[in-house]
Amino acid sequence: MVVSDLNFSYTQDSPTIIENLNFAFPKGKITVVTGESGRGKSTLLFLLGLFLKPNSGSILIDNQETTEYDDSQKSLIRSNKIGFAFQDAILDPYRTVIESVLEPTLYRVESNRKINKEHDGNYTYQVENTKTISPLENATDIVSSKTINNSHSVIKSYQEIQERNFERAIELLKRLKVEVELNTRTLKISGGEASRVALARALMNDPSIILADEPTGNLDSYNADIILATLNEEASKDKTVIIVSHDSRVVSIADEVLNLL
Amino acid sequence: MARKLFSEIWLVTKRHIGATIAIASISFLMTLSIVLVFGESQASIQNIRDFMDTNGAKTIQFLDDSDIGYFDQETLNFVEAFDNIEYSFETSTVFDVFNSLTKDEINLFPAKSFRGDISKVVQLVAGRMPKAGEAIISENAAHGFKLVGPTGEISSSNQSWNVVGIFKSDEAYLDFKNFALIYESSTTPMPYFYSKVKEYNELPTTQTLILNMISPFGREDIKILSKSLASLQNTIENNLGSFANYILILVLFLGIVLITVATLIDAFLNQKDIGRRRALGATKIYISLLMIFRGALVSTVGATIGGVVSIFYLYFYYLSIPINFLVAVIIFVLIIGSLGSLLPSLIIINRDPLRAIRTP
C-alpha cells in the first residue's frame, strides 16, 4: 500500500489535516502511525480504509489507484483486502460472538463463488484467497447441466463455504484466546474479549491489509499482548499491518514508524 | 445470498424493534383505515342500490314531446325485445273519473290509462286483469268509491269503463295506489312509457340505445324523465367514492410520511450499525436494500394483521370485503412501506461513515 502526495481536509474551509503525505506501507511489516492528538492519525487510517476521499494524491493498493473507485469497488476492497479493527471494537450487541466474527463473510458476495472452467471441461467453484473447495461433476453439456448439476453444486458449495468460514472463525477465536461460549451475545463479554473478537472479525476474510485504530487502548497487558502477538503473526504472513497508537508497547513491535507532525 | 439477506433483514427487524413496531403499527392502521372506509362505502353504496332498485331506480321513463306520436304498441314490442329490459308498460295522461253507479260527484278520482304488462307493477287482490276498455282500481280507490267488490263502473264526461279488479301497487309504484288504471286500446297513441332494465349498470347504455332506435329523426323530442333517481344514486355513489378516494390519498400521504420519519429516526439512532457494516465491506446498495426489504416485510405483516382485524370487524356488521381487494390493499401498503424506507436509506448511506462509526 502506497500513498503519494496525499492531502485531506474535512471541508474546504477547515484546516488541512494530512498534507503532502508520501509513504509506502511495506508488506510483511508492522507500521505504527504516531503523533499528537489532532494530527490526523485516525483520519489517515480511514483514508487508507477508503472511507474518506482525499482532496488530492493517490492511494495505491496492489498497485491499483483507488481514490476514484466507486462505492461498490471500494466495498469490494474493504471486504476482501482490508481488515479494520476499530478503537472501541464496535461489535453488534445483537449478534453472538461467532456471528460477529462471521459478519464480514455476509458482505463478501462477489468473491465467494467464482466459477472457473477448467481445461478438461469441468467447472469448479473457488473461494478467493483460498483453495478450490468444490469440484463439480462432469458437465459435458453446459446448457443441460446448468439446471441440474450446477444448482446442486451451488448448494453443496455454499454449505462447504459456510463450514469453512465457521472453521476459520473458530480457529481465529482460539488464536486470540477467546474462551467464552460461541453463542454468547457480544453485549455480555468483557472489553478485552470484545477487542479480541473485533480483531478476529477483522481477520475473518484473510485480508492482506490490516488497519488497527488504537487496538490496545484501555486494555490490560494480558489482552494487549494477545492482540499484538496476533498482529505480529499476521505481519509475518507477508501482510501489511498498519496500527495507529500512542501505546509504547505497540511502538516497540513496530518495523516502521510514521510520525505525523 | 437470499438466505443471508433474509437472515440479516430478520436481525435488523429484531434489533430495531422500535422502528419495527412503528412501521408495523402504521401499516396496520393504514390497512384498517382503507379496508374499513372502502368496506363501509361499498356497503353504503350497496344499501343505496338496494333501496333505489326497490324504488324504481332501474326504470327509465321516456316521454314523447312531439306532435307526431312516436310511441305505439309496435314501439313497446320493439323495446321489450331488448335482452336487458325486464318489462315495459305505457301510461297516458291522468284524467278525473267518478263512480258511475253512485253518480256521486264528490267521489271524483284520478285515473291513468295504460298499455303493456301492468301486472309487473301492480298485484291483483280481487277480480281479474282488464281487457281493452276495462279498468282496475286500487284498494285505496275502491275504498274511496265505497265498492264492496271488484265490480262497478267509472265514468268521465264522455266515456265509461267497467271495473273488473282491485289491485295494490308494488313498492316502487306507490303513486298508483291513488289511481284507477284503464286499459287502453293498442291503437291509441300514448304519450310516454316506462322500461325496467334488469341491471342497474345497464341503465345509461339502454337509455341511449332505446332513444337512438325509437326516434332516429327526432331525438330531441324524446325526453327521459325518470332518471332523477338514477342520477341521485350516481351522485351519492360518486360522492361516497370521492370520499373514499380522499381518505385513501390522506392515508397514503400520512403512511409514507410516518414510515419515512420512523425509519429516518431509527436510521440515525443506529447509524453506528450502518457504519460498521460499511466498514466490513457492505455496499451502499446492500444497506439500502436491507432497509427497504425490512420496511416491506414489516409493512406486510402489519397490513396482514390489519386486514384480518378489519375482516372480523366487518363480519360483525354483516359486511364482507372481496379477498382480491384485501390482497390489493396489502400489496399497496407493502409498496408504501418500501417507499417510506427508500428516502431514509438513501440519506443514511450517504452519511460520512467515519462520523457514523464515531457516533457514541
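In which helix of chain B does R276(B) lie? The legends below take up this residue and its surroundings in turn. This is a predicted model, in which local features need pLDDT of at least 70 and side-chain atom pairs count only at pLDDT 80 or more, while totals for chains, interfaces and linings use all residues. Residues are numbered from 1 along each chain as its sequence is written, chains are lettered from A in the order in which they are written, and side-chain values use heavy atoms, with hydrogens and water left out.

View 1. R276(B) lies in helix α7 (residues 271-279) of chain B, where helices are DSSP runs of H or I with at least four residues, strands are runs of E with at least two, and both are numbered from the N terminus. R276(B) counts as buried because its relative accessibility is 1%, and buried means under 20% relative accessible area with a 1.4 Å probe, protein chains only. Leaving aside residues up to four places away in sequence, R276(B) touches I90(A), D92(A), R95(A), E103(A) and R201(A) of chain A, together with R15(B) and I357(B) of chain B; contact here means heavy atoms within 4.5 Å. The C-alpha atoms of R276(B) and I357(B) are separated by 6.3 Å, although the two residues are 81 residues apart along the chain.

**View 2. The contact between chain A and chain B.** Chain A gives 27 residues to the contact and chain B gives 24 residues. The two chains bury about 2500 Å² between them, 60% of it on carbon and sulfur atoms, buried area being the accessible area (1.4 Å probe) lost on putting two parts together, summed over both. There are 5 salt bridges between chain A and chain B, each a side-chain nitrogen of Lys or Arg within 4 Å of a carboxyl oxygen of Asp or Glu. The side chains of D71(A) and R278(B) form a salt bridge, at 3.0 Å from N to O.

**View 3. The largest nonpolar core.** This core has 36 residues, and L173(A), V197(A) and I243(A) have the most contacts inside it; a nonpolar core is a set of buried Ala, Val, Leu, Ile, Met, Phe, Trp, Tyr and Cys residues joined through side-chain atoms within 4.5 Å. Among the elements of chain A that give two or more residues to this core are α4 (142-175), α5 (191-203) and β11 (240-244). Helix α5(A) gives the most, with 7 residues. Among the residues that V197(A) touches, not counting those up to four places away in sequence, are L91(A), V101(A) and L173(A).

Conventions. Buried < 20%, exposed > 50% of the residue type's maximum accessible area, 1.4 Å probe, protein only.
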